[in-house]
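Q: I would like a close look at one part of this model, the ligand site. Please keep it brisk and define terms as you go.

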Amino acid sequence: MPMPHRTFVQVAKRRLVGKEGTERVRILRGLIEELPDYRSGPYADIRKWLHGEIDATRVRAKTIHRDSIAVRREGAAQVALVGAPNAGKSSLLQALSNIQIKTGDYAFTTTRPVAAVTAIGGVRVQLVEIPGLLEGAAKDRGGGRALLGVLRNADAMVYCHAASAPPEILAALQREVAAAGIALPALLAATKVDEEDARVDRLAVAFGDLEVVPVSVLDEESLERFREAVWRLLGLVRVYLRHGGVVEEEPLALEPGATVEDVADGIHHELAASFRAARLWGPSARFPGQRVGRTHVVADLDEVEILH
Ligand SMILES: Nc1nc2c(ncn2[C@@H]2O[C@H](COP(=O)(O)OP(=O)(O)OP(=O)(O)O)[C@@H](O)[C@H]2O)c(=O)[nH]1
Ligand SMILES: [Mg+2]
């Protein structure tokens, strides 16, 4: 009498927890051996799943080997999602972008940084889930040092914490980030606020120095408010380019303090060296079409025409 298929899956998952590389492949092979030899039905599905896991494990092993856990930057800025296991980071990432990512009601669903691009303030911003940061991460517990390395490269970070969870877990994580010498602009997303036992007030008191943004992936308006908060956090400056009265649809996104020269550089490095002056419309212009030099500091929502 073979083991019931559901039990088999549970046993398999338990044996695979925390196993990677050749050891994981060996366990997967063993499981395939133990599997009753049916050609169809649930056992055939399980066999297919196990073979898929072998392939995925090999791909992961290669990727880790080649390129530790670096994340290729995309978009105008990179924002890291940091938080205890099960805080709702993947769910938020998924709700804000088009990616399909595994979420689950257990810790360590995500094991490597996952990135997705989303529109924030009308510009492309990359969100990166930093998984599994634990107390002791700065001392490399749970491979924490490499994960903190990814975080260090971000432009800003969002602490994610379930509104119903005690603040202490997050406070410990904050200490790890500080111990690693990372000081990025940050806000706190109080996640899963649709849950009955949500306590946003408790988080707001415990983390008085952070802006607290209540979010639920089930509430579109809360996601929009989250986007707006991230936009303010980044403090980017959007500049629209004009060519003979026509305004481009997509703005350039620049760092605060950017000048007309940075605008020209955003179009082309050579242009930055050769242009004479610019015309300006919008918040930083004294009057529409004002002529300005290369050192003029632009403001959010300015329109700029580079004069050759
Ligand atoms: N009710 C409710 N549940 C949520 C919300 N966001 C996430 N969850 C649930 O919380 C659990 C954990 O979500 P994940 O997104 O996997 O959390 P994570 O932080 O990525 O977890 P790890 O990758 O394991 O560190 C899942 O069961 C989600 O369905 C939310 O806004 N409301
Ligand atoms: Mg996750």
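How many residues surround ligand 1, and which are the closest?

A: This is a predicted model, where local features need pLDDT of at least 70, side-chain atom pairs count only at pLDDT 80 or more, and totals for chains, interfaces and linings use all residues. Residues are numbered from 1 along each chain as its sequence is written, chains are lettered from A and ligands numbered from 1 in the order written, and side-chain values use heavy atoms, with hydrogens and water left out.

Ligand 1 is surrounded by 21 residues. A residue counts here if one of its heavy atoms lies within 4 Å of the ligand. The closest are Lys89, Ser91, Thr109, Thr110 and Asp194. By class, the shell holds six nonpolar, nine polar and six charged residues. Nonpolar means Ala, Val, Leu, Ile, Met, Phe, Trp, Tyr, Cys and Pro; charged means Asp, Glu, Lys and Arg; the others, Gly among them, are polar. Helix H4 (residues 89–96) gives the largest share of the shell, three residues. Helices (H or I, at least four residues) and strands (E, at least two) are DSSP runs, numbered from the N terminus.

Now the polar contacts, pairs of N or O atoms within 3.5 Å. Lysine 89 places a polar side-chain atom 2.8 Å from an oxygen atom of ligand 1. Serine 90 also has a polar side-chain atom 2.8 Å from an oxygen atom of the ligand. For lysine 192, the distance from a polar side-chain atom to a ligand oxygen atom is 2.9 Å. Taken alone, ligand 1 exposes 650 Å², and the protein buries 87% of that. Such areas come from the Shrake-Rupley method with a 1.4 Å probe.

Most residues other than glycine have a negative phi. Lysine 192 sits in the loop between S5 and helix H7 (200–206). It is partly exposed, with a relative accessible area of 25%. Buried means under 20%, exposed over 50%, and partly exposed in between, with a 1.4 Å probe and protein chains only.

Finally, confidence. pLDDT is the predictor's confidence in each residue, from 0 to 100. Its mean over the protein is 90, and 97% of the residues reach 70 or more.

Terms used: Polar contact = N/O pair within 3.5 Å; in protein donor to acceptor, adjacent residues only side chain to side chain.
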